[in-house]
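Thanks for coming. I will go through one structure today, a piece at a time, so please have a look at it first.

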Amino acid sequence: MIWRSPQWLWALLVLPLLVAAMVAWARDRKRAKASYADQRLIDLTPPRRVRILRVVAAALAVLATGLGVVAMARPARSADGTQARSTIMLAIDTSKSMTRTDIAPSRLAAGVDAARRFLKVVPKDAAVGFVTFANNAVVRVSPVTDREQVSRALDNLPISEGTAIGDAVQASLSAIQGSGALTQVPDSADTSPARILLLTDGANSAGSPPLEAAAHAAELRVPIYTVLLGNDPGRPNELTPAETLSALATQTSGVYTQSTSTQDLRRVFEDIGVSLASVQRFDELTVWVVLAAIIALLLAAGALAASEFRPRPVASRLA
């Protein structure tokens, strides 16, 4: 059992004060009867059954209050297991700089090889889409569970100038929304049904600003996993590639990594693929606690209604 909003549990400290207030009220009521009623004419003392019902009603009212506080603390049951992300968009930079051979056989070839390995380890029931970007972004494959379709799209990728990182993120988000994976915005990035995995080697040089795209992804609770290939310094007086990709990941609750070798890139992609397969799920129990509180309140109301009585004349003393 865990608590999603544990700060509300402090309100349970009010319960002893509530009990003390009820006890004080009962004593004051008893003293008032003794002061203002003539016991020789009318007996204001309730029957034993009524007194018991009132105690039970008070206990149920306190219990209902406690359950209401517990409900606000959002109790949940942790359920560890495998939960497939419904949609993962793979975005790969196909700009001219990706043909450099500092990472054998080339940056792009190493990225494609890593992407193919990623397809093998990602959950089979997760839909994977594919986006390429250079001076603009193009959705090559909309999210599908057919790995072969994505694998074929990785062949013979077009090369052109420019690096439109922001456009790649926006195109990926559009594909995710078009797949129906985001019928409603999730509570947090941790529970999001979608991810974006973006690979690039350079700074943004075309299209929409990356941080604006990151803000859009953050609004939709879609984390971006960014991988920087190589160590290019970027453009003067602008954010470096590392700074840009790190900001994308941080702003969206994603993960940023940098790879400078083929082996390192493979490991990064495989690790990300495996990490997408398992997530801690929480089955919230709040609805049941609220239901129990409502039932307790109804029982308390019923007990109070049953405890109503009329003062009984004392016939023997009137004679």
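This is a predicted model: local features need pLDDT of at least 70, side-chain atom pairs count only at pLDDT 80 or more; totals for chains, interfaces and linings use all residues.

At what angle do the axes of H6 and helix H7 cross? The answer is roughly 15 degrees, and the axes come within 9 Å. H7 covers residues 241–251. Angles under 35 degrees count as roughly parallel, and so H6 is roughly parallel to H7. The crossing of these two helices is right-handed. On the H6 side, the contact is made by Pro210, Leu211, Ala214, Ala215 and Ala218. On the H7 side, Thr244, Ala247, Leu248 and Gln251 take part.

H6 also packs against H5, where the angle is about 20 degrees and the axes are 7 Å apart. That makes H5 roughly parallel to H6 as well. The crossing of H5 and H6 is left-handed. From H5, the residues that meet H6 are Ile165, Gly166, Val169, Gln170 and Leu173. Their partners in H6 are Pro210, Glu212, Ala213, His216 and Ala217.

The buried residues of H5 are Ile165, Gly166, Ala168, Val169, Ala171, Ser172, Leu173, Ala175 and Ile176. After H5 comes Gly180, with a positive phi near 85 degrees.

Now the overall picture. The protein has 10 helices and 11 strands. It has 319 residues, and 40% of them count as buried. Taking contacts between residues at least 6 apart in sequence, 82% join residues at least 24 apart.

Next, the interior. As a general point, nonpolar side chains in soluble globular proteins tend to be buried together. Here the largest nonpolar core has 31 residues. Those with the most contacts inside this core are Ile92, Phe118, Phe130, Leu197, Val227, Leu265 and Phe269. At least two residues of the core come from each of S4, H3, S5, S6, H4, S7, S8 and H8. Which element gives the most to this core? That is H3, with 7 residues. There is also a second, separate core of 25 residues, which includes Val131, Ala168, Leu173 and Ala213.

Phe130 is worth a look on screen. Leaving aside neighbours within four places in sequence, Phe130 is in contact with Met89, Leu90, Ile92, Val138, Val139, Arg140, Val141, Val150, Ala153, Leu154 and Leu157.

On to H3 itself, residues 107–121. At 1.5 Å a residue, its 15 residues should span 21 Å, and the end C-alpha atoms are 21 Å apart, so the two values agree. Its buried residues are Arg107, Leu108, Ala110, Gly111, Val112, Ala114, Ala115, Phe118 and Leu119.

Is Arg107 buried or exposed? Arg107 has a relative accessible area of 2%, and buried means under 20%, so Arg107 is buried. Not counting residues up to four places away in sequence, Arg107 touches Ser97, Met98, Arg100, Asp102, Asp201, Leu229 and Asp232.

At 23% relative accessibility, Asp113 counts as partly exposed. Asp113 and Leu154 are 41 residues apart in sequence, while their C-alpha atoms are 9.1 Å apart in space.

Last, some backbone details. In general, most residues other than glycine have a negative phi, and most peptide bonds are trans. The peptide bond from Ala104 to Pro105 is cis, with omega near -10 degrees. Pro105 sits in the loop between strand S4 and H3.

Asn156 has a positive phi, near 50 degrees. Asn156 is in the loop between H4 and H5, and at 78% relative accessibility it counts as exposed. Arg221 also has a positive phi, near 60 degrees. Arg221 is in the loop between H6 and strand S8, and at 32% relative accessibility it counts as partly exposed.

That is where I will stop.

Key. Residues are numbered from 1 along each chain as its sequence is written. Side-chain values use heavy atoms; hydrogens and water are left out. Helices (H or I, at least four residues) and strands (E, at least two) are DSSP runs, numbered from the N terminus. The expected span of a helix is 1.5 Å times one less than its number of residues. Buried means under 20% relative accessible area, exposed over 50%, partly exposed in between (1.4 Å probe, protein chains only). A nonpolar core is a set of buried Ala, Val, Leu, Ile, Met, Phe, Trp, Tyr and Cys residues joined through side-chain atoms within 4.5 Å. Contact means heavy atoms within 4.5 Å. Axes are lines fitted to C-alpha atoms, for helices over the stretch in contact, and angles run from 0 to 180 degrees between N-to-C directions. Angles under 35 degrees count as roughly parallel, over 145 as roughly antiparallel, 65 to 115 as roughly perpendicular and the rest as oblique. A crossing is left-handed if the near helix is turned anticlockwise from the far one by less than a right angle, and right-handed if clockwise.
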